[in-house]
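Student: I have a structure open and would like to learn how to read its side chains. Can we go through it feature by feature?

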Amino acid sequence: MDRNPSPPPPGRNKEEEEVAGGDCIGSTVYSKHWLFGVLSGLIQIVSPENTKSSSDDEEQQMELDEEMENEICRVWDMSMDEDVALFLQEFNAPDIFMGVLAKSKCPRLREICVGILGNMACFQEICVSISSDENLGQVLLHCLYDSDPPTLLETSRLLLTCLSQAEVASVWVERIREHPAIYDSICFIMSSSTNVDLLVKVGEVVDKLFDLDEKLMLEWVRNGASQPLDQPQEESEEQPVFRLVPCILEAAKQVRSENPEWLDVYMHILQLLTTVDDGIQAIVHCPDTGKDIWNLLFDLVCHEFCQSDDPPIILQEQKTVLASVFSVLSAIYASQTEQEYLKIEKVDLPLIDSLIRVLQNVEQCQKKPEKLAESNTDETKKTDLTQDDFHLKILKDILCEFLSNIFQALTKETVAQGVKEGQLSKQKCSSAFQNLLPFYSPVVEDFIKILHEVDKALADDLEKSFPAMD
């Protein structure tokens, strides 16, 4: 059986007469009469006489009648239609669903009701109405404490939809701020769930929250940090104190194990954290977590994304996640160079190799859109090309800044090793210089001075190729 079966086909005989007589919802063929029946059935499920039951009936309350499940799933499917969604709103269906969520112990029923509300919230008028209902808002946020992954997934989807509506986003940010337990619930999900769909959706909610409200991000970064960050929490019978960054790391590891391409949202969360000092400190001042994050990101750029055997065009798919990953690596590198895991001889040459390889692919990708734009008159496609070029420019700026920082830290021994092993060959140095000049001229000039001591012929060749340095 499909998770969300298709809505019922138009009936025959009497039902056909009802449709013909104005029983259909809006311009659809869905029956008002049938929908009333399903919603009435939901009201009966949570009516006082049905909810006042003995403990012997609790197990039965956890199950959903198959016929009712099929019918309410059809409503879930139908609610993607705007006419149906507006009709449900007019019939006060959100209040019915709120009653179900407040009283029902059946996980499947709760999941479906939140899912229907999530579909309805895709339409702005309804989203504003749902968001302005304080009681419904409280009930929906309470669903984040649920232990049922499908219900958590639908709740996260609904929250993300509302947070993406500019008119109501601030309402939800404030509600979440007023419920500190939501932080614990989200951290628990990120640190313990193996459901990658749920992890990605929760990550999108956190990413949106932090993007909307830096103050909330700072509050969450500071949560659990009342004790020194480098000291383990002593064992006790109390609830664990969640720290945001380790929870993000655990979620990222789990997502990567299933599909590295889905890491984008968690890499962007880390990038947002590095835009504030407390965020960077939360990463680097917890040695094990900082090391684990560095190792994960280092492995992604050196062995996972945009590899030498990948076609350059793959950068179009990976440009946003690479921008986040390199941005976080750069921030950690710049802020905590004394850490053992950042020792020059261990990380600089592999990173230089990766940075130059990605920069070369950026150049290839930027050349192709120019050719396409010349022959393309479609305005939409031109806009897409401009957007692609914008993201590539952001990536290039991040790469160049990081590369310049590494070049400044290179020792004579590391340069000699790079020349010998090929990370600092003439071709790769030329690619680096093409991107670093003229903005980072002092960095390039200092590098050339060191290179003169290591390989004078190579240094002279590069100076001839880039006369502006003389």
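Tutor: Gladly. Keep in mind that this is a predicted model. Let us begin with one residue. F91 has a relative accessible area of 30%, so F91 is partly exposed.

Student: Which class does F36 fall into at 31% relative accessibility?

Tutor: F36 also counts as partly exposed. Buried would need a value under 20%, and exposed a value over 50%.

Student: How do I read a pair of aromatic rings?

Tutor: A pair of aromatic rings is described by the distance of the centres and the angle of the planes. In this model the count comes to twelve aromatic pairs. Take F36 and F91: the ring centres are 4.5 Å apart and the planes stand at 50°, so this pair is tilted.

Student: Where in the chain do F36 and F91 lie?

Tutor: F36 is in helix α2, residues 32-45. F91 is in the loop between α6 (82-90) and α7 (93-103).

Student: What kind of pair do Y183 and W220 form?

Tutor: An edge-to-face pair, with 5.5 Å from centre to centre and 70° between the planes. Y183 belongs to helix α13 (residues 181-192) and W220 to helix α15 (residues 214-222), so the pair ties together parts that are 37 residues apart in sequence.

Student: Are Y183 and W220 buried or exposed?

Tutor: Both are buried.

Student: Which residues do ring pairs link into a cluster?

Tutor: F407, F433, F447 and F466.

Student: What sits over the ring of W172?

Tutor: The charged end of R175, at 4.7 Å from the ring centre.

Student: What is a disulfide?

Tutor: A covalent bond between the sulfur atoms of two cysteines. Here the count comes to zero disulfides. Look at C127: the nearest cysteine sulfur belongs to C162 and is 3.9 Å away. A disulfide needs the sulfur atoms within 2.5 Å, so C127 is in no disulfide.

Student: Are C127 and C429 buried or exposed?

Tutor: C127 is buried, with a relative accessible area of 1%. C429 counts as buried too, at 0%.

Student: Let us finish with S330. Where is S330, and which residues does S330 touch?

Tutor: S330 is in helix α20, residues 315-335. Its relative accessibility is 9%, so S330 counts as buried. Leaving out residues up to four places away in sequence, S330 touches F402 and N405.

Notes:
Residues numbered from 1 in each chain as written. Predicted model: local features only at pLDDT ≥ 70, side-chain atom pairs only at ≥ 80, totals over all residues. Heavy atoms only, no water. Phe/Tyr/Trp six-rings, centres within 6.5 Å; stacked < 30°, edge-to-face > 60°. Helix = DSSP H or I, 4+ residues; strand = E, 2+ residues; numbered from the N terminus. Buried < 20%, exposed > 50% of the residue type's maximum accessible area, 1.4 Å probe, protein only. Lys NZ or Arg CZ within 6 Å of the ring centre and 35° of its normal. Contact = heavy atoms within 4.5 Å.
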